[in-house]
Amino acid sequence: MTKIHYRVVPHDGGWAYKLGDVFSEAFPSHAKAMAAARRVAREQHVPGSSTTIEYQDDKGQWHTEYSAGTDRPDADVEP
């Protein structure tokens, strides 16, 4: 199972949660950003529909994969 970690960081004059190099929208307080990050982490655990997905990697190559709706990452928020 994949494990992912959201982090709350200063961003754009406020606070945002971040996964890798991707930031959320800015929130006016650390507490609001933390609450949003926790909500997003919980939503990662919700199973979805199985489907075929297509995506482009960082080298410009396209990939097609089957994604099982029950294959969800273990997500948390780092303090």
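This is a predicted model: local features need pLDDT of at least 70, side-chain atom pairs count only at pLDDT 80 or more; totals for chains, interfaces and linings use all residues.
Asp74 is partly exposed, with a relative accessible area of 27% (buried is under 20%, exposed over 50% and partly exposed in between, using a 1.4 Å probe and protein chains only). Residues are numbered from 1 along each chain as its sequence is written, and side-chain values use heavy atoms, leaving out hydrogens and water.

**Salt bridges around Lys3**

- The count of salt bridges comes to three, where a salt bridge is a side-chain nitrogen of Lys or Arg within 4 Å of a carboxyl oxygen of Asp or Glu.
- Lys3 and Asp74 meet through their side chains in one of these, at 2.9 Å from N to O.
- Lys3 belongs to strand E1 (residues 3–11) and Asp74 to strand E6 (residues 74–78), so this pair ties together parts that are 71 residues apart in sequence; helices (H or I, at least four residues) and strands (E, at least two) are DSSP runs numbered from the N terminus.
- Lys3 also forms a salt bridge with Asp76, at 3.8 Å from N to O.
- This second pair again links distant parts of the chain, with Lys3 in strand E1 and Asp76 in strand E6, 73 residues apart.
- Lys3 is partly exposed at 46% relative accessibility, and Asp76 is partly exposed at 25%.

**A salt bridge within a helix**

- Arg39 forms a salt bridge with Glu43, and their closest N and O atoms are 3.3 Å apart.
- Both residues sit in helix H1 (residues 30–43), four residues apart, so about one helical turn separates Arg39 from Glu43.
- Arg39 counts as partly exposed at 37% relative accessibility, and Glu43 counts as partly exposed at 44%.

**Aromatic rings**

- There are two aromatic pairs, counted when ring centres of Phe, Tyr or Trp (its six-membered ring) lie within 6.5 Å; planes under 30 degrees apart are stacked, over 60 edge-to-face and the rest tilted.
- Tyr6 and Tyr17 make an edge-to-face pair, 5.8 Å centre to centre with 80° between the planes.
- Tyr6 lies in strand E1 and Tyr17 in strand E2 (residues 14–19), so the pair ties together parts 11 residues apart in sequence.
- Tyr6 is buried at 4% relative accessibility, and Tyr17 is buried at 13%.
- Tyr6, Tyr17 and Phe27 form one aromatic cluster.
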